[in-house]
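Dear colleague,

Please find the structure below, together with its sequence. A summary of the findings follows it.

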Amino acid sequence: MRNALEPEWEARFEPRSYGFRPGRGCHDAIVAIHETAKGDRCRRLWVADCDLSKAFDKIDHSALLARLGSFPARDQICGWLKAGVIEKRRYAPTEEGTPQGGVISPLLLNIALHGMEQAAGVRYHKNGTTAPDSPVLIRYADDFAAFCHSRQQAEEVIARLTMWLAPRGLSINDDKTQIVHLSQGFDFLGFNIRRYQTWRGGKLLTKPSKDAVRKIKRRLTAEIRALRGASSAVIIGRLNPVIRGWAAYYRIGVSKQTFTTLDYHLWQRLWWWARRSHPKKPRRWVAARHFGKFHPARNDRWVFGDAASGAFLHRFAWTKIERHVLVKGAASPDDPALTQYWADRRRKTRPPLSDGTRHLLKHQRGRCPACGGYLLHAGTGPDSPSQWEQWFHAIRAAITRQVITSQAHGHARDQTRLIHAHCARRHPAVPHPAHDTSAGTHAP
């Protein structure tokens, strides 16, 4: 049902809607905010930072079904919405809202909220640019930020949207709604967006929010405390996906200083763990056992690692800052005219992996040398720190490195290749990829 509805509505959806849509995500919303509010000539300095109250639970069924019009399976969707919920052997009717976690629920939410930009007074020229006196509304699912020229205009936008949302069964959450000047800054999707005064004028910086930094510090501390009696290899396996996932999500902002701060916090917690693990040993012995030059490409003797396996703990600061390229206007992956645009966009996306791993992926054209299948899934990428963490868990479980011996000019040479973990178990000896004709022509 979603596959039937989505292409139709993707052709209609507003250009600055980024939540739960193919080819778009949190990073696009953050970059759209940056493009709107950056520069000395920015005039939209007031922001209405809003959140809808229980959006999934309060959508009016009649208004939503009216939006679907003459869709052939409209009655079936109505049946899903009215089916009710059974929890702990108790039946609860569903007179409003959509089931959270349902495959089609995010799409239904976007359909219900379609037209929000127009309701807020946003006007576009024929070339796709926003009218100079118009506000700009950027929405991710049920969170949105309206950039306005004055506080009065921001209040008018909230009043308009309140009236527009009421027939749909929705309302703005007053507790989470605020009107702020960009010089004060505001948090959106885990980032803090704030305009700082400089001698040249104003400079907009997008950083990880203080709340997000506090949460990751608490998480790291709790994980290390819980693993007080574990080995260093267990700590590395548990923390690496957390560290790399969080850094991958925030790598698009001004995050280098935050990464360094988190690395120092992590080092303090690891040193506490190492000292508690060996209370009767001197400091030099503890340092020599758990810290050293474990990273082969870095001349750093304070990398936390496991001498037996050679594994080491990733650092936040090792993740490079990479600016995200904003998706073009109302571009949809279902538009046949934009097939090349989306292919180029996917090919230019650099996964947050090490330079060596990326080099191997490029050399192998993204394919497994044993089965010829893609090593990385080419679908929609992660869209939050937790999803990035899951992504790294999946990569670690699905892909491994394998050293193979090849013959070149009469001499045997060892080469490292990336291979599916299940392929490595079935094929302990992998043929040299130069003779593999199943490789594709595009990287994932």
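By the ring criterion, the model holds 23 aromatic pairs; rings of Phe, Tyr and Trp (its six-membered ring) pair if their centres lie within 6.5 Å, and planes under 30 degrees apart count as stacked, over 60 as edge-to-face and the rest as tilted. One of them is the tilted pair of Phe-20 and Tyr-140, at 6.1 Å centre to centre and 45° between the planes. This pair links distant parts of the chain, 120 residues apart: Phe-20 lies in the loop between helix H1 (2-10) and H2, and Tyr-140 in strand S4 (residues 136-140). Helices (H or I, at least four residues) and strands (E, at least two) are DSSP runs, numbered from the N terminus.

Please note that this is a predicted model, in which local features need pLDDT of at least 70 and side-chain atom pairs count only at pLDDT 80 or more, while totals for chains, interfaces and linings use all residues. Residues are numbered from 1 along each chain as its sequence is written, and side-chain values use heavy atoms, with hydrogens and water left out.

Phe-20 counts as partly exposed because its relative accessibility is 36%, whereas Tyr-140, at 10%, counts as buried. Buried means under 20% relative accessible area, exposed over 50%, and partly exposed in between (1.4 Å probe, protein chains only).

Helix H2 (residues 26-37) has 12 residues. Of these, 10 are buried, so H2 is largely enclosed by the rest of the structure. Just after H2, Gly-39 takes a positive phi of about 90°.

Yours sincerely

How values were computed. The expected span of a helix is 1.5 Å times one less than its number of residues.
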